[in-house]
Amino acid sequence: YYDILVRKAFGNYLDLLKEVTFSPLMGEYLSFLRNSAFDHDQNYPDENYAREVMQLFTIGTVKLNPAGAVVLDDEGSPIPNYNNEDIMTFARVFTGLDRQAGLSKGE
């Protein structure tokens, strides 16, 4: 991950996220490499990477106002940005990724 950040830290965010997503080492580390869809083997897709992307790299766990303060509901509790159904749906995006033999870097 460090090497990816060194190359992409000051570039386009989409390029950084793509490189992390398509990195075989990150796929192993974040457990989405060879992740299969529910329909294929009656198991749910691994949700780890989907959760990491939403929680750490994009929207965060709770809603924030433009000033960065946590938005609270009528009972004073933080309003979540997503629920488990959202994570399960997003996890379906990260299925079918595997190492490709014989491809040069960047293909």
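1. F57 touches Y1, Y13 and E52, not counting residues up to four places away in sequence; contact here means heavy atoms within 4.5 Å. F57 is found in helix 5. At 29% relative accessibility this residue counts as partly exposed, the class between buried (under 20% relative accessible area) and exposed (over 50%), with a 1.4 Å probe and protein chains only. From C-alpha to C-alpha, F57 and L17 are 8.6 Å apart in space and 40 residues apart in sequence.

2. On the basis of the note: this is a predicted model, in which local features need pLDDT of at least 70 and side-chain atom pairs count only at pLDDT 80 or more, while totals for chains, interfaces and linings use all residues. Residues are numbered from 1 along each chain as its sequence is written, and side-chain values use heavy atoms, with hydrogens and water left out.

3. Overall make-up. The protein has 6 helices and 0 strands, and from the N terminus on its elements run α-α-α-α-α-α. Helices (H or I, at least four residues) and strands (E, at least two) are DSSP runs, numbered from the N terminus.

4. Burial and surface. Of the 107 residues in the protein, 22% are buried. The accessible surface comes to about 7,800 Å², and 54% of that surface belongs to carbon and sulfur atoms; areas come from the Shrake-Rupley method with a 1.4 Å probe, and for residues only the protein chains shown count as cover. Among contacts with a separation of 6 or more, 45% are between residues 24 or more positions apart.

5. Helix 2. This helix spans residues 13-22, and L16, L17, E19, V20 and T21 in it are buried. The cover over these buried residues includes helix 1 (2-8), helix 3 (24-29) and helix 5 (48-57).

6. Helix 5 against helix 6. Two packed helices are described by the angle between their axes and the distance between the axes. Helix 5 and helix 6 (residues 84-91) pack at about 120°, and their axes are 8 Å apart; axes are lines fitted to C-alpha atoms, for helices over the stretch in contact, and angles run from 0 to 180 degrees between N-to-C directions. A50, R51, V53 and M54 of helix 5 meet N84, D86, I87, F90 and A91 of helix 6. By class, this contact has 6 nonpolar, 1 polar and 2 charged residues. Ala, Val, Leu, Ile, Met, Phe, Trp, Tyr, Cys and Pro count as nonpolar, Asp, Glu, Lys and Arg as charged, and the others, Gly among them, as polar.

7. D86. The place of this residue is in helix 6, and D86 is partly exposed with a relative accessible area of 35%.

8. E47. This residue is found in the loop between helix 4 (38-41) and helix 5. Leaving aside neighbours within four places in sequence, E47 is in contact with N84, I87, M88 and A91. E47 and M88 are 41 residues apart along the chain, and their C-alpha atoms are separated by 6.4 Å.
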